[in-house]
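Subject: Structure for your review

Hello,

Here is the structure you will be working with. Please open it alongside this message.

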Amino acid sequence: MVIYSCAEGVRNESLLTALRSRFPSYDIRLRYVPTGNCAAKLKMEGSRSEADIVLDLEGGYIEQISDQLEDLSGFDSSRYCSDLLDPDGRYFPFARESACIAVSREGLARRGLDAPDSYESLTDSKYRGLVCMPNPRSSGTGYNFLKSLVNAWGEDEAFAYFDRLAENVYQFTSSGSGPVNALVQGEAAIGLGMTFQAVSEINQGVDLEVMFFEEGAPWAVYGMGMVAGRGDRPAVRDVFEWLSTEGVRIDNALYVPDQVLVDYKAEIDHYPRDIRYADMTGITDPDEKKRLLEKWKY
C-alpha cells in the first residue's frame with residue numbers, strides 16, 4: 001500500500017520503521033509529498049490515486065479534498081481532542097502543530113536588547129532587521145500567525161499591524177522552518193516559527209528561547225484519511241487504525257507533543273507545557289484563506 005505523507009523526513013522515517021515492524025507481511029511504501037502538491041495531486045487523481053492513505057496534510061488542504069476521502073464513521077473519533085475533529089468525519093487529526101516567538105538570547109544580548117513581550121513590541125524600531133517571519137502566501141505557519149491576529153483583533157487592525165511589523169522584518173521566508181533556521185545561522189534574532197522546530201534546536205544545544213504572547217499560540221490541525229474506495233481493504237484499514245493511534249503517539253513522543261489524543265499527553269525536554277492556544281476559528285476555510293491572502297502585500 002502507498003501512503004502520501006507531508007511530514008518531515010525524520011518523522012516519516014520513524015513511522016515507517018515502526019509500521020514495518022508491526023506489519024512485516026505488508027508492502028508499505030511511504031512517499032513524501034509537499035503539502036500543496038499533495039492536495040493538488042489527490043484532487044487531480046481522485047479515485048485513481050496510487051495513494052491509499054494521506055498523512056499529516058494541513059487542515060485547510062485536507063478540507064479541500066475531503067470529499068475524496070472515506071467516511072470514517074466506523075472508527076472511534078472520541079479518542080481525539082474535540083477541537084481537532086472534522087465535523088464531516090472524513091479525516092482524523094494526526095498532529096496539532098503550534099507556532100511560537102523564538103528568540104536568540106545571544107543575538108539580542110550582543111545588541112544590548114531585551115526580548116520582546118508582546119506583538120506590538122516587535123514593531124519597536126530597535127528590532128529593525130532582526131525579525132524573521134514566514135510568508136503567509138507560501139507557508140501554513142505564516143498564515144496561522146495572520147489568521148490568529150485577524151481573529152484576535154479584527155481584520156483591519158491585524159493588517160495594519162503587519163504593515164508596521166514589516167518595517168522590522170529581515171525576511172519573509174517561503175517556509176515555516178525559515179525563521180528558526182535564520183536564528184540558528186545568526187541572520188535574525190527573533191523568529192515567528194514552529195514550536196517543535198525551535199525546541200528541537202534547543203535540545204541540540206542552540207541558545208534559543210520559546211515565547212508566547214497574550215493572544216496565544218497560533219496552531220493548525222494536520223489530518224489523515226483513507227482515499228475513497230480503499231476502505232474495504234483490510235490491510236489499509238489495519239495500517240490506518242495503527243497510524244491514527246500508535247502513529248500519533250510515536251509522533252507526539254518524539255517530535256510534536258501538542259496534544260491530539262484525549263488519553264495521551266507526551267512530554268519532550270524544553271517543550272512548553274499547558275500551551276494556551278490562539279483562537280483559530282475558520283483556519284480550515286479555503287475561501288477565507290484565499291480572501292485574506294489576496295490582501296497580503298509582502
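Residues are numbered from 1 along each chain as its sequence is written, and side-chain values use heavy atoms, with hydrogens and water left out.

Confidence

The mean pLDDT of the protein chain is 94, and 100% of its residues reach 70 or more; pLDDT is the predictor's confidence in each residue, from 0 to 100. Helices (H or I, at least four residues) and strands (E, at least two) are DSSP runs, numbered from the N terminus. Where pLDDT is low, the predicted coordinates should not be read in detail.

Strand β4

Buried means under 20% relative accessible area, exposed means over 50%, and partly exposed lies in between (1.4 Å probe, protein chains only).

β4 pairs with several strands; two strands pair if DSSP finds at least two bridges between them.
- With β9 (residues 219-226), β4 pairs in the antiparallel sense over 6 bridges, and R96 stands opposite V221.
- With β7 (residues 190-194), β4 runs antiparallel and is joined by 5 bridges; C100 stands opposite G193.
- With β8 (residues 208-211), the pairing is antiparallel over 4 bridges, and L208 is the bridge partner of S104.

S104, in β4, counts as buried because its relative accessible area is 8%. Its side chain reaches the backbone nitrogen of G107 at 3.0 Å. That is a polar contact: a pair of N or O atoms within 3.5 Å, where within protein one must be able to donate a hydrogen and the other to accept it, and residues adjacent in sequence count only if both atoms are side-chain atoms. Not counting residues up to four places away in sequence, S104 touches L183, A188, A189, D207 and L208. Contact here means heavy atoms within 4.5 Å.

Nonpolar cores

A nonpolar core is a set of buried Ala, Val, Leu, Ile, Met, Phe, Trp, Tyr and Cys residues joined through side-chain atoms within 4.5 Å. The largest has 67 residues, and those with the most contacts inside it are I3, I101, L146, I190, V239 and L243. Helix α9 gives the most to this core, with 7 residues. A second, separate core of 20 residues includes C132, A188, M194 and V199. Leaving out residues up to four places away in sequence, L243 touches I3, L15, L19, I53, L55, F94, M224 and V248.

S244 is found in α9 (residues 234-254) and counts as buried because its relative accessibility is 0%. The side chain of S244 reaches the backbone oxygen of E241 at 3.0 Å. Aside from neighbours within four places in sequence, S244 is in contact with R79, Y80, F92, M224 and L261.

Aromatic pairs

The whole structure holds 15 aromatic pairs. Rings of Phe, Tyr and Trp (its six-membered ring) pair if their centres lie within 6.5 Å; planes under 30 degrees apart count as stacked, over 60 as edge-to-face and the rest as tilted.

The rings of Y119 and W153 have centres 6.1 Å apart and planes at 85°, so this pair is edge-to-face. Y119 lies in the loop between α4 (105-110) and β5 (131-134) and W153 in helix α5 (residues 140-153), 34 residues apart. Y119 is buried at 3% relative accessibility, whereas W153 is partly exposed at 22%.

Y119 and Y161 also form an edge-to-face pair, 6.1 Å centre to centre with 80° between the planes. Y161 is in α6, 42 residues from Y119, and both residues are buried. One aromatic cluster is formed by Y119, W153, Y161, F162, F172, F213, W296 and Y298.

A217

A217 lies in the loop between β8 and β9 and is buried at 1% relative accessibility. A217 and G231 are 14 residues apart in sequence and 35 Å apart in space, C-alpha to C-alpha. Not counting residues up to four places away in sequence, A217 touches S98, A99, F212, I275, R276, Y277 and A278.

Regards
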